[in-house]
Amino acid sequence: MINDDHATEPLLSVRALSKEFSGVRALAGVDLEVLPGEVHCLLGQNGAGKSTLIKTLSGTYRPDGGTITWAGEPFAVSSPIEAITLGIATMYQELDVVDGLSVAENIFLGHEKARAGITDRRTTHRLTRELMTRLGHPQIHPGTEVGTLSAANKQIVSMARALSHNARLIIMDEPSAVLDSAEVENLFRVVRELGAAGIAVIYISHRLEEIRQIGHRISVIKDGRSVANNLPVETTPTSELIRLMTGREVASVFPTKPTLDASAPVVLEVENLELPGVFSGVDLTVRSGEILGLAGLVGSGRSEILETIYGARRADSGRVRLGGKTLPAGSVQAAVAAGMGLSPEERKSQGLILDEPIYRNVTLASFPRFARGGLLNEGVERARTREQLTALELRPADPDRVTRTLSGGNQQKILLARWLLHGTRVLLLDEPTRGVDVGARAEIYALIRELADSGTAVIVVSSEIDEVLGLSDRVLVVADGRVLHDGPADDLTESAVLDLVMSGVAA
Amino acid sequence: MSVSPTQTGDHAVTRKNPLALLFSGSSGRSIGLVIALLVLVLVGIITAGDRFANIGNVLVILRLASIIGVISIGMTFVITAGGIDLSVGSVLGLTSVVATLSWVQAFADQSSWIVMVLIALLVGVAAGFVNGVVIAYGGVVAFIATLAMLVAARGLAELLANRNTQVLNVASFKAVFTANFLGIPVLIWIFALVVAGGWFLLNRTTFGRRTIAVGGNAEAARLAGINVKRHTMYLYALAGLTAGIAGVMMLGRTTAGTSTHGTLYELDAIAAVVVGGTLLVGGRGTIMGTVLGVLIFSTLTNVFTQNNLSTSVQAIAKGAIIVIAVILQQRLANRAPKKKDPEAPAPVVAPSRRA
């Protein structure tokens, strides 16, 4: 752990940084100080300016004002290559590895070990093996094609690339977003080892509990300005961090759970559902007004269960009944017609048409209803969309805005609006808060609870166990394609769920 | 939620640069094409004078545009949905052969030529349905499936026609298709009707909305409850229908059915659609852009013919236009407020220009 009393010279020091784009101030006075070997956490809502700050440090943007001091020298780089040469490496959220190349080729991409234009395969592989051993992953072979690796291992490759440039500071933009709990543990181990080797990390994450585990100090930016610097991780309360980020008091992230009405009708019944090789023997019921959570690791089958209930995958056997009526297997149309809705795991690639205006995304499931004889009624579509946006407090409530320009939280609201407008009896939510910042998360949790209170049966899948426990009334623990546990959420803790999962995998 | 800088940023940029505003969006792209067309017209007037600039010649250009134009409308739908149809040219040939044969061998005396027209349309739709089924339910990539149809339909047409050109001698049919209505040839009227119908279908109906949704994000459309497979099938049937209509128009113009009708028309149609601004990856389509694309190419041909330039030079110019148009489109598209990273507050162009 870093000791602040030591007069350590900061590795990176940013003062009053400003950056303007066509008259809009993206950064308006950001300070940041990073010590060697420190894991410095950077917090801020979407749009706060984190990305602009990162891109300035990585040489993509040039600042308009303020100073950056790097290892005691003024920092003036105009390209990412210069930043990398100085020792600043950036791992972006969308991993910048080339799937078709091998691990070694990826690591030395752009600075290949070559003699007279011919790549020196042997040296490259030896150096790659050394880097992988250093990162605690000697099992990743230099010749393996990167496309075959898991997201977690791709990240290791990305980190190895940073180290191959002798990075002294690695900026990690939401590195855990694509990982499940076990892989996150591994990431933390690597980050700690980097720290021990004197390499500093700027760590960006929306998950405050992660920051508690590996961070040393926290800096918060809001609306392009620093609102707090160098807060100690151990002693700063979560409510304070949320207040700094959002500018609002948030009592609790999760809404309070009402006492469940045991006489409420069962809306969704799933019996002995099976998708060979993925999951089998899945039974579950959800009552009107109930939120059922599915907890499990990536690969446990939790998303597949949801998609099969919805008909997006065709079950091999088993039955799905909605309001007592059996749905045909493998038909999304039938499920939607019966009153089911899905907010899919990958919001951008599975949920939204990003280049279309908001209203066309909101009405995607229901536009035929507003049409007469096949003729669209866009006026009504816009009006209904505006109503939904207003109800969901999405500002500005402009139905014609291009969906791509919205933050993750607002894009999630668009998906909720789609099903609210369509009217669902069963709503399936897969990773409803992935890539959504803390302030917006609380809003989305509250919306989900409101929906349940209005009688909708909800199933939530999340890789974040605390989210499943905090939001749900009842939780199913899934491992290896089987349901291991079915019980009230309040009887479980995160570690109890992990124990169950581990024992289930072992069994 | 607080208003992120992104929102204000985009507006600020468009306000600052009225020219960028003019050229962004679908209407803006059309303005670019109109300018290109006007330049071509100007070249035509300067080089060929009155030979170019008279009503008769304008009608020649439009007549030239009409058959490719009809196919291009069907192609616009398929491409907007993220597909491609390489078979339209040979399906055109097949419809012309089947229609002529059906007339010559079967119906000649008993029925109206309208039956023959219906048969042509039916053949086009059927070929399109086969494409659609193979693509949507067989899971074959559109490029390959329609390439197979391109080869097979041409082969079938040759087989049926026995490599002969079947002359169609139906006075009433000829009379209708060579007639003028309000001083404008019937072929041009048909083109205009197909354009109007296509525009309406794409922009005002649930069918059009589904087409754009499937092209924009097929998985999102599927998970929202849209029957993507069925819609895909309909789209190729629609492309087949336009090939059938074009086949009938070809019969009207040449009064003969032959298996070589429509050779390479698919490439002209794709070029017109892409130059017109419809995205090859799908999700955005413009009927007016396609019409302008078709007109640009037929005007070009006319200008070259008027100046007695070889078709080879013309082909080179066509190729150059396609590349230039697509590069311009991409430039303009980048200028539009469209960002990969929702948090980064500025358009890509602005900072790099200053740097």
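This is a predicted model: local features need pLDDT of at least 70, side-chain atom pairs count only at pLDDT 80 or more; totals for chains, interfaces and linings use all residues.
Biologist: Why are α9(B) and α12(B) called roughly antiparallel to each other?
Modeller: The axes of α9 (residues 186–204) and α12 (residues 228–254) of chain B cross at roughly 170 degrees. Angles over 145 count as roughly antiparallel. α9(B) and α12(B) are therefore roughly antiparallel. Their axes come within 11 Å.

Biologist: Which residues in α9(B) meet α12(B)?
Modeller: Leu187(B), Ile190(B), Phe191(B), Val194(B) and Leu201(B). On the α12(B) side are Leu238(B), Ile245(B), Met249(B) and Arg253(B). The residues of this contact divide into eight nonpolar, no polar and one charged.

Biologist: What makes helix α13 of chain B mostly covered?
Modeller: Nine of its eleven residues, in the run 265–275, are buried. Buried means under 20% relative accessible area. Among the buried residues are Tyr265(B), Glu266(B) and Ile270(B). Gly277(B) follows α13(B), with a positive phi near 110 degrees.

Biologist: How do you know that β3 and β10 of chain A pair?
Modeller: Two strands pair if DSSP finds at least two bridges between them. Four bridges join β3 (residues 39–43) to β10 (residues 200–204) in chain A. The two strands run parallel. Cys41(A) has Tyr203(A) in β10(A) as its bridge partner.

Biologist: What makes β6 and β12 of chain A edge strands?
Modeller: Six strands of chain A form an open, mixed sheet in the order β6-β9-β10-β3-β11-β12. β6 (88–91) and β12 (225–232) each pair on one side only.

Biologist: Which strands does helix α8 of chain A lie across?
Modeller: α8 (residues 238–246) lies across β3, β11 and β12 of chain A. The helix runs at about 30 degrees to β11(A).

Methods: Residues are numbered from 1 along each chain as its sequence is written. Chains are lettered from A and ligands numbered from 1 in the order in which they are written. Side-chain values use heavy atoms; hydrogens and water are left out. Axes are lines fitted to C-alpha atoms, for helices over the stretch in contact, and angles run from 0 to 180 degrees between N-to-C directions. Angles under 35 degrees count as roughly parallel, over 145 as roughly antiparallel, 65 to 115 as roughly perpendicular and the rest as oblique. Contact means heavy atoms within 4.5 Å. Ala, Val, Leu, Ile, Met, Phe, Trp, Tyr, Cys and Pro count as nonpolar, Asp, Glu, Lys and Arg as charged, and the others, Gly among them, as polar. Buried means under 20% relative accessible area, exposed over 50%, partly exposed in between (1.4 Å probe, protein chains only).
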